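The structure is shown first.

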Amino acid sequence: MEFALVHCRLHGNISQFLSPPFRSPFYDDRRRYSSLKIQNNLHFMSSTVLMEPSARCQVSRSSTFQEASELANINWDNIAFLPIPTDFLYAAKSLEDGIFTKGQLQRFGPIHMSPCAGVLNYGQGVFEGMKAYRKADGSILLFRPEENGLRMRMGAERMCMPAPTVEQFVDAVKQTVLANKRWIPPPGKGSLYIRPMLLGTGSVLGLAPASEYTFLIFVSPVGNYFKEGLAPLDLIIETEIHRAIPGGTGGVKAIGNYSPVLKAQSIAKDKGYSDILYLDSAHKKYVEEVSSCNIFVVKHNIISTPTVSGTILPGITRKSIIEIARRQGFQVEERLISVEELLVADEVFCTGTAVVVSPVGSITYLEKRIKYGNGVGIVSQQLYSALTSLQMGLTEDTMGWTVVLD
């Protein structure tokens, strides 16, 4: 297997494009590792969002470079869901016909972008969230990456953007994960969070689609999204502020979907709640989503979740839990769920790439608090174990959902 080592000859001030904005404790550690092994050939374009056209990169091949495969020197027992600078990110640009270049791996660092970029002025952008896990034998697992590629294309179409093919999306994810392999936590210590982004980076002034688009992927090792981990969450129902409206972009991972909830979320957290549960904007009585995850309600042997109808994100973890639950004999319904049903539910839990499966311990509605059991519900625990065992390669994947990277 050949290795590709990138030697960049940059003209001008390269710190503007590639250097970290601060000297992190990880930066010196990263510089010692300048080679990597990947299964796919690296393809390089003449310019990307990270470099001015004057930047030139040359590729030399050798079979003598040592792979930077040992783990990064961080405390794996104490990682949170916070960004940690890693080694490489992936970048590709759209051409005039909407087709994307094959892209390249670049050193992780600040990106160069015009202040007139469509994403900065009009929020034209979508993103995805994924995870990679390390198995005990050293191999790496991705979970249903083609589903993320399909969802990005769906979101791009809604936002009037071209998008990479599913094949290019998956290949780019594989390259980025393998290039940052030493940042994947040991088994049981967390995961490598993968953030693909599609941004309108072409310059605009009047309201119009950008003239150019950039596909980026960066990664970071992470622990639990909620500080509670698998401990029950305490949610509060928001009755006045709404996450999405019919006809809007609530059903896609548009970048503008998330910042509008930050104020309400911040107020809720200051009061001691884990997050907010939002209602539909038309009737203000049907459950929709938590700020960044889907929700499920359990009553007897029936598991219900709000139907996806344009205001709710079609979560990939949501989709997977539905399939797993049905295989385990549960009746799963996708339908409208009223607030009143929460008052008599046996269990409630949230799902998402970041949160995985998180049980809900209580929900507060109009100053009334409803509690669910004394801890993690049986169904929540059962589905959490089934899903994470698949994602981590602890059980046989009979559904073909995992992709193995050696």
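The model is predicted: local features need pLDDT of at least 70, side-chain atom pairs count only at pLDDT 80 or more, and totals for chains, interfaces and linings use all residues. Residues are numbered from 1 along each chain as its sequence is written, and side-chain values use heavy atoms, leaving out hydrogens and water.

**Nonpolar cores**

A nonpolar core is a set of buried Ala, Val, Leu, Ile, Met, Phe, Trp, Tyr and Cys residues joined through side-chain atoms within 4.5 Å; buried means under 20% relative accessible area, exposed over 50%, and partly exposed in between (1.4 Å probe, protein chains only). The largest core has 42 residues, of which V173, V177, I194, L198 and F215 touch the most other members. Among the elements that give two or more residues to this core are α4 (145-158), α5 (166-179) and β8 (191-200); helices (H or I, at least four residues) and strands (E, at least two) are DSSP runs, numbered from the N terminus. The largest share, eight residues, comes from α5. Another core, of 22 residues, lies apart from it and includes I237, L279, V287 and V355.

Not counting residues up to four places away in sequence, F81 touches Y193, V222, G223, N224, Y225 and A354, where contact means heavy atoms within 4.5 Å. UniProt, in an unreviewed entry, lists K253 for "modified residue: N6-(pyridoxal phosphate)lysine"; such annotations may be inferred rather than shown by experiment.
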